[in-house]
Amino acid sequence: MKPNEKGKPRFDAAKRKSLGRLLKMLWQFYPVLVPLTGLCILFSAVVSSIPATFTQRIIAIIEVWVQSGDWAAAKGEIMPLIYQLIFIYALSLVSMFTYTQLMAYITQGFLCKMRRAMFDKMQDLPIRYFDTHRHGDIMSYYTNDIDTLRQLVSQAIPSLLQAGMIVLVVLSIMLYYSIWMTLVVLTGVIAMLFVTKKIGAGSGKYFVRQQKAMGKTEGFVQEMMSGQKVVKVFCHEEKSKADFDVINEGLYEDSFRAHAYANILGPIINNIGNLLYVLTAIVGGSLLLAKVPNLSLSGMALGIDIVIPFLNMTKQFTGNFNNASQQVNSIVMAMAGTQRIFDMMDEAPEVDDGYVTLVNANIAADGTITETEKHTGHWAWKHPHGDGSVTYTELQGDVQLTEVDFSYDGEKQVLTDVSVYANPGQKVAFVGATGAGKTTITNLINRFYDIADGKIRYDGINIGKIKKDDLRRSLGIVLQDTNLFTGTVLENIRYGRLDATDEECVAAAKLAGADDFITRLPEGYSTMLTSNGSNLSQGQRQLIAIARAAVADPPVMILDEATSSIDTRTEAIVSRGMDKLMEGRTVFVIAHRLSTVMNSDVIMVLDHGRIIERGNHDKLIAEKGTYYQLYTGAFELE
């Protein structure tokens, strides 16, 4: 919401544009059903307005009967009208049934398509987006914001169409019967419009705040649920309650004000309608008594047969106007929710301008490389050139970073002049305090982020030229924070390579040292894992994550504190498996436990984004620098 010239809130053009974009998508998804549903709604509205004209004709017939006393003649005229009314109401019922069924199908189908589009978009977003947005707030896009679209499509739009058509038809009938009395009704409409505008502006401001507050609340709850053990370990239950109370009170305040405005609108409109009904009756009676000539499109004289139906039409008119005004809240919330959804969907996708791809390869004795569709265990980079020729480079795992500078936000430098040379088969370790830039280097190798300056080459190829999917397929990574998915143990291991056989998955588990505990699970490899593997220990979850990387069989491995959650005994088991896993591979290791990096070919000590020492264990010990101090306990990593 932006303030207007008088300081009162109004919707900006972006929100109106988002709403228009949403309706356009709805039309594009259902180009036939949407207009068909609209026609059914309009037809139902017109049909429900017609009985007012029958009331006038029936009263006119009764007046003649009262004067003439000829009931038989009156009955002969009234009964056909009653049959026609029954037929009209039957048509209205069929029309209402049709459009309600169509709306149910369109609404749920539209929401399904929107959720799919949102999820597809999220898969294309860079890691940066998820690092800078609370996960709970992102989840609220799929719950709260999507629900506002459901209310808009299933309730607000049909109600507005129906109420709007009824108001137009009834107004036309009013003008047909009496212009004087119609002017009385229009004065009431002006009052209703004024009230709706004033109250709608107030509620709109707080409904927008409510949507944001709900996202913030869900984000906080999600964080607390995922960190519940930490909360309890540090006895922060009361602090969490206090923090939640602040957020919850904010949501309450915005929701209360939004609904306070919204709930007062209906009673005010109803009372204006009641006053208008009385005023119309008074004016109609006065016109009859004063025998004022009627002014109408029909040319009919003003009589009781017009005044009584007119009163009924006044009720119908104001009632539908009230129904339409009640949809303002749904529209306001939908505009807020739509804006949030489209803000996410308009985020720039992860840029991938690479053209070098990874292919299965056959490598002849003379070094000739040919492409094959079968998995041979050998890979090659397929490099197309501008002249149409294609060259192949064997995937060996040669990774070179040259004078790399990087900043996450463009202001604070995270890496400065970093150069790393990892030859095929080498084990390169990064050591340093938290925030020194160790994980950042591996993020750059994966191209989760792009460097500001310098070069990164993979087998001599600038990684900017390699398609990201192919680049990441050549890398295996085991993170400190494990992520297991709902499914069996076997399925979680196979996540590393979806076409891996059961035997290959089991072999990977044995290599990682996970087979022993897996076979002792209730259902072995078929044991279901839920809630990120909450039925396993942290060490067991980490072993499955290592097995998942092993089954991918990549030439380059990144181990980011991979054994940090494993006890010393388990670490010995894993180390044997990891040694086998690392044979013939280029490996980047990030570790606080220096025992895990002692056998590295190269150890690099980082401090504030710079490499201050490099060499193997013996060389760095001999230099008696920072690494020596860390190893001897004279200095500890923070």
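These legends describe close-up views of one predicted model.

**Figure 1. The whole chain.** The protein chain has 638 residues, and 46% of them count as buried. Its secondary structure comes to 19 helices and 18 strands. Take the contacts with a separation of 6 or more. Residues 24 or more positions apart account for 73% of these contacts.

**Figure 2. Helix α2, end to end.** Helix α2 covers residues 33-49, which makes 17 residues. At 1.5 Å a residue, the helix should span 24 Å. Its end C-alpha atoms are 24 Å apart, so the model agrees with that expectation. Several residues of α2 are buried, among them V34, T37, G38, C40 and I41. Further along, S44, A45, V47 and S49 are buried too. An α-helix has 3.6 residues a turn, so residues three or four places apart point the same way.

**Figure 3. An edge-to-face pair, Y30 and Y105.** A search of the whole structure finds eleven aromatic pairs. In the pair of Y30 and Y105, the ring centres are 6.0 Å apart. The planes meet at 70 degrees, over the 60 that edge-to-face requires, so this pair is edge-to-face. Y30 lies in the loop between α1 and α2, while Y105 lies in helix α4 (residues 71-124). The pair therefore ties together parts that are 75 residues apart in sequence. Y105 is exposed, because its relative accessible area of 52% is over 50%.

**Figure 4. A stacked pair, F485 and Y495.** F485 and Y495 form a stacked aromatic pair. Their rings are 4.6 Å apart, centre to centre, with 25 degrees between the planes. F485 sits in the loop between β12 and β13. Y495 sits in the loop between α13 and α14. The pair therefore ties together parts that are ten residues apart in sequence. F485 is partly exposed, with a relative accessible area of 39%.

**Figure 5. A ring cluster and two charges over rings.** F406, Y408 and Y449 form one aromatic cluster. Elsewhere, the charged end of K113 sits over the ring of F29, 5.7 Å from the ring centre. The charged end of K315 sits over the ring of Y277, 5.5 Å from the ring centre.

**Figure 6. Q400 and its surroundings.** Q400 lies in strand β7, which runs over residues 399-406. Q400 is buried, with a relative accessible area of 16%. A polar contact of 2.5 Å joins its side chain to that of D398. What does Q400 touch, not counting residues up to four places away in sequence? The residues touched are V420, Y421, A422, N423, K455, I456 and R457.

**Figure 7. L251 in helix α9.** L251 belongs to helix α9, residues 237-289. L251 is buried, with a relative accessible area of 15%. Leaving aside neighbours within four places in sequence, L251 is in contact with Q210, A213, M214 and T217. L251 and K212 are 39 residues apart in sequence, yet their C-alpha atoms are 8.7 Å apart in space.

Figure 8. How many disulfides does a search of the whole structure find? The search finds zero. C112 is partly exposed, with a relative accessible area of 34%. C505 counts as buried, at 0% relative accessibility.

Notes. Residues are numbered from 1 along each chain as its sequence is written. This is a predicted model: local features need pLDDT of at least 70, side-chain atom pairs count only at pLDDT 80 or more; totals for chains, interfaces and linings use all residues. Side-chain values use heavy atoms; hydrogens and water are left out. Helices (H or I, at least four residues) and strands (E, at least two) are DSSP runs, numbered from the N terminus. The expected span of a helix is 1.5 Å times one less than its number of residues. Buried means under 20% relative accessible area, exposed over 50%, partly exposed in between (1.4 Å probe, protein chains only). Rings of Phe, Tyr and Trp (its six-membered ring) pair if their centres lie within 6.5 Å; planes under 30 degrees apart count as stacked, over 60 as edge-to-face and the rest as tilted. A charge sits over a ring if NZ of Lys or CZ of Arg is within 6 Å of the ring centre and within 35 degrees of the ring normal. A polar contact is a pair of N or O atoms within 3.5 Å; within protein, one must be able to donate a hydrogen and the other to accept it, and residues adjacent in sequence count only if both atoms are side-chain atoms. Contact means heavy atoms within 4.5 Å. A disulfide is a pair of cysteine sulfur atoms within 2.5 Å.
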